[in-house]
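Subject: Structure handover

Hello,

Here is the structure I promised you. Please open it first, then read my notes below.

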Amino acid sequence: QVQLVESGGGLVQAGGSLRLSCAASGCPLSSYDVAWFRQAPGKEREFVAAIKRPGGTIFYADSVKGRFTMSRDNAAVSLFLQMNSLKPEDTAVYFCAAGSAITSAIRIVRTYADWGRGTQVTVSS
């Protein structure tokens with residue numbers, strides 16, 4: 001339905017910043033709930049942030065509130081995740097995702113049918 005490609009990951013020192021991007025093709029993201037998840041080695045995939053249609057309400061995991069900001073461009077073809085004050089525990093592969101089903105379960109992995117392949121974020125101490 002929609003194809004997603006993440007970019008912007010890399011290596012950063014604790015306290016630094018990174019900006020992740022997710023480019024979409026195949027269908028406008030305005031038709032979807034969209035989200036960022038992350039997965040560290042040996043751990044389950046974890047919710048980070050989401051934008052809920054149709055009102056555009058943004059939700060964040062408690063672990064990233066005040067540090068991360070999710071946004072969508074005006075053309076609804078790209079997602080962004082601005083990550084500030086990064087901590088070593090933020091180290092993970094970060095995925096963008098899109099889901100078309102009508103649901104309130106925006107923090108649940110199975111809500112999203114379309115996923116990017118991920119981009120690695122590594123935060124050194």
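Buried residues make up 43% of the 125 residues in the protein chain. Buried means under 20% relative accessible area, exposed means over 50%, and partly exposed lies in between (1.4 Å probe, protein chains only).

Two points on the source. This is a predicted model, where local features need pLDDT of at least 70, side-chain atom pairs count only at pLDDT 80 or more, and totals for chains, interfaces and linings use all residues. Residues are numbered from 1 along each chain as its sequence is written, and side-chain values use heavy atoms, with hydrogens and water left out.

Now the overall picture. The protein chain has eleven strands and zero helices. Both are DSSP runs, numbered from the N terminus: helices are H or I with at least four residues, strands are E with at least two. The radius of gyration is 13 Å, close to the 14 Å that the globule rule gives for 125 residues, so the chain is as compact as a globular protein of that length. That radius is taken over C-alpha atoms, and the rule is 2.2 Å times the number of residues to the power 0.38. The C-alpha atoms fill a box of roughly 40 × 25 × 25 Å along the principal axes.

Four strands form it in the order 1-3-8-7, with antiparallel pairing. Two strands pair if DSSP finds at least two bridges between them. Strand 1 (3-7) and strand 7 (68-72) stand at the edges with a single partner strand each, so one side of each has no neighbour in the sheet. Five bridges join strand 7 to strand 8. Met70 stands opposite Leu81 in strand 8.

Then look at strand 11 (residues 119-124). Which residues form its covered face? They are Thr119, Val121 and Val123, while Gln120, Thr122 and Ser124 form the uncovered one. In a regular strand the side chains alternate between the two faces of the sheet. Strand 2 (residues 10-13) runs parallel to strand 11, joined by four bridges. Val12 stands opposite Val123. Strand 9 (residues 92-99) runs antiparallel to strand 11, with three bridges. Here Val93 has Gln120 as its bridge partner.

Ser85 is found between strand 8 (78-83) and strand 9. Its phi is near 50°, a positive value in a residue other than glycine. Most residues other than glycine have a negative phi. Ser85 counts as partly exposed, at 41% relative accessibility.

Best wishes
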